[in-house]
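Have a go at each task before you read its solution.

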Amino acid sequence: MSEDHFKKLVSHCKEYGFIFQSSEVYDGLAAVYDYGPYGSELKNNIKAYWWKAMVQMHENIVGIDAAIFMHPKTWKASGHVDAFNDPMIDNKDSKKRYRADQLVEEYVERKVLKKAEKEIEKARKRFGDDFDEEQYKTTNPRVMGYLEKAKTITTRLNTSLTNEDLEDVKNLIEELEIACPESGSRNWTEVRQFNLMFNTQLGTIAGEAGKLYLRPETAQGIFVNFLNVQKTTRQKIPFGIAQIGKAFRNEIVARQFIFRMREFEQMEMQFFVKPGEQQKWYEYWKEARMKWHQAIHPAEALRYHDHEKLAHYADAALDIEFQFPFGFRELEGIHSRTDFDLGAHQELSGRKIQYFDPEINESYVPYVVETSIGLDRMFLATMANALVEETVPDADGKDSTRTVLKVHPALAPVKCAVLPLLKNKEELTSKAREIFDRLKLSFACQYDEKDAIGRRYRRQDAIGTPFCITIDFDSLEDDTVTIRERDSLQQERIAIADIDKIVSERVNMKSLF
Ligand code: ATP
């Protein structure tokens with residue numbers, strides 16, 4: 001997937017009503033987006049797929065919907081007040097703000113690893129089929145030099161960040177002579193920590209005590225409700241609590257469309273287990289979540305990435321990465337969070353947050369394995385994977401290009417379009433309306449009579465509608481219609497009475513399990 005494909009994707013999202021820039025009439029608000037009519041349908045379908053897989057398919061997982069605002073102590077206990085920071089640096093000439101760690105990482109990528117890659121490519125051409133990349137990387141002095149340099153810089157960056165030695169991060173930026181991409185100058189401020197939580201003020205309480213945060217993750221709403229949910233549902237460990245909801249992060253650098261937003265949605269599940277059993281469940285969820293993705297995306301576009309640097313509360317963590325048009329990036333995180341969160345809330349609230357395990361006659365603070373996926377990132381992955389341009393024969397048998405969204409039928413925003421062959425023939429339109437009025441009870445349907453049939457097909461292709469039904473003069477005689485399938489372009493004659501059953505079967509979420 002190329003940058004060009006990404007540009008097409010962004011403009012397709014706008015042109016066909018999937019995603020709009022927020023407040024576009026005022027030139028937009030950076031890193032905030034609105035979902036349009038087809039976007040919100042697709043988003044709802046992704047949510048439904050997740051909810052089905054996580055909550056409804058597991059007897060021991062229940063769902064909640066917690067508020068965005070939480071008691072400010074929540075964020076003290078979770079560590080977000082003190083440690084949810086990114087290191088930032090400003091360029092004094094352009095006044096642009098950057099993530100200091102990303103400036104260094106980009107330098108490594110562009111100025112060091114790219115050079116190694118170029119050498120490797122040259123050698124590949126020179127040696128042809130005999131080329132052994134691994135051997136070349138470990139024997140060619142120039143390539144070894146670049147790789148060694150990349151490793152030295154990355155290790156130093158990670159050590160400085162871990163030790164909170166921001167002065168050294170600044171020194172590194174200066175030593176590498178990194179310039180501001182905007183102004184080209186190296187006139188930098190010091191590196192400072194920047195807290196990513198948005199805050200607001202409660203009207204009735206002045207000062208610090210009334211300071212509220214917009215939640216930066218949905219997980220804490222689950223942790224503070226652990227006992228409420230466990231007691232009211234009588235769940236026994238191991239069990240999970242799931243939730244879908246908005247989260248907010250004041251990202252310093254927000255780009256790549258809906259990949260990194262300041263307001264976004266998460267789908268998170270916290271699975272509570274007996275201490276000591278976390279590894280087993282970590283492995284279970286690692287497999288289960290990958291399977292969920294593979295039902296939608298091709299296996300080669302997905303991979304695991306183990307975290308080398310673990311957060312202070314985690315004893316294992318990995319990302320499921322997706323091959324976005326700009327490279328493999330995190331789509332979902334799976335974290336073994338130990339008893340950190342429940343333990344911290346227990347301590348700060350002074351309330352006992354423990355589970356009484358009848359099997360061992362003991363109370364304990366459960367351990368947690370978390371699965372956390374960004375809904376918007378899943379949306380982007382789905383669109384990126386589904387949007388294709390292809391050459392197909394048109395009505396006259398000539399080649400023509402079509403843009404088609406080959407999204408899984410269960411996720412498609414519209415399942416079926418009902419199209420009378422001609423707009424100004426009342427017998428056809430009233431028959432079509434009658435069919436449409438019946439089908440819309442079963443699934444998302446669209447009635448369209450404007451323009452030639454070929455153009456209407458193309459419009460449905462562009463929004464990913466898996467089936468088009470055409471009502472022609474024969475339909476009036478024998479109660480049959482033509483059904484056209486989006487991907488194969490196959491057309492078939494079927495009885496009107498069978499449409500509902502045929503389409504329902506194909507668009508049902510069952511086919512994803
Ligand atoms: P990243 O390293 O990309 O900033 P993260 O490791 O901070 O992500 P988590 O805190 O693990 O992310 O959040 C869980 C999931 O929420 C991520 O896998 C991602 O899909 C999603 N997510 C996180 N931040 C954003 C954002 N700013 N915009 C959209 N989705 C996000």
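**Exercise 1.** Where is Glu164 found, and is Glu164 buried or exposed?

*Solution.* Start with the place: Glu164 is in the loop between helix H7 (141–162) and helix H8 (166–175). Helices (H or I, at least four residues) and strands (E, at least two) are DSSP runs, numbered from the N terminus. Next, take the accessibility. Buried means under 20% relative accessible area, exposed over 50%, and partly exposed in between, with a 1.4 Å probe and protein chains only. Glu164 has a relative accessible area of 54%, so Glu164 is exposed. Last, look at the backbone: phi of Glu164 is near 55°, a positive value in a residue other than glycine.

Before you go on, a word on the source: this is a predicted model, in which local features need pLDDT of at least 70 and side-chain atom pairs count only at pLDDT 80 or more, while totals for chains, interfaces and linings use all residues. Residues are numbered from 1 along each chain as its sequence is written, and side-chain values use heavy atoms, with hydrogens and water left out.

**Exercise 2.** Describe the place, backbone and accessibility of Glu177.

*Solution.* Glu177 sits in the loop between H8 and strand S6 (192–195). Its phi is positive, about 55°, although Glu177 is not a glycine. With a relative accessible area of 51%, Glu177 is exposed.

**Exercise 3.** Which two residues does a cis peptide bond join?

*Solution.* The bond is between Ile237 and Pro238, with omega about 5°. To find Pro238, go to the loop between helix H10 (226–233) and strand S9 (239–248).

**Exercise 4.** Is Thr470 buried or exposed, and what does Thr470 touch?

*Solution.* First, locate Thr470 in strand S21 (residues 467–471). Its relative accessibility is 5%, so Thr470 counts as buried. Then list the contacts (heavy atoms within 4.5 Å). Leaving out residues up to four places away in sequence, Thr470 touches Leu419, Leu421, Ile453, Tyr457, Ser475, Val481 and Thr482.

**Exercise 5.** Work out the surroundings of Phe131.

*Solution.* Phe131 lies in the loop between helix H5 (100–127) and helix H6 (133–139). At 14% relative accessibility, Phe131 counts as buried. Beyond residues up to four places away in sequence, Phe131 touches Ile120, Ala123, Arg124 and Tyr136. Now compare with Lys115, whose place is in helix H5. Lys115 is partly exposed, at a relative accessible area of 41%.

**Exercise 6.** Which residues come nearest to the ligand, and which of the elements gives the most to the shell around the ligand?

*Solution.* A residue is near a molecule or strand if one of its heavy atoms lies within 4 Å of it. Of the 15 residues around the ligand, Glu251, Arg260, Met261, Glu330 and Leu331 come nearest. Check the oxygen atoms of the ligand next:

- An N or O atom in the side chain of Arg260 is 2.7 Å from a ligand oxygen atom.
- A polar side-chain atom of Gln266 is 3.3 Å from a ligand oxygen atom.
- A backbone N or O atom of Leu331 is 2.9 Å from a ligand oxygen atom.

Taken alone, the ligand exposes 590 Å², and the protein buries 82% of that; accessible areas come from the Shrake-Rupley method with a 1.4 Å probe, and for residues only the protein chains shown count as cover. Strand S10 (263–273), strand S13 (327–338) and strand S16 (367–374) are the elements that give two or more residues to the shell. S13 gives the most, with 5 residues.

**Exercise 7.** How is the protein chain divided into domains?

*Solution.* The domains are domain 1 (40–75 + 200–387), domain 2 (85–195) and domain 3 (408–512), with bounds from an automatic or database domain assignment. Taken over C-alpha atoms, the centres of domain 2 and domain 3 are separated by 53 Å.

Conventions:
A polar contact is a pair of N or O atoms within 3.5 Å; within protein, one must be able to donate a hydrogen and the other to accept it, and residues adjacent in sequence count only if both atoms are side-chain atoms.
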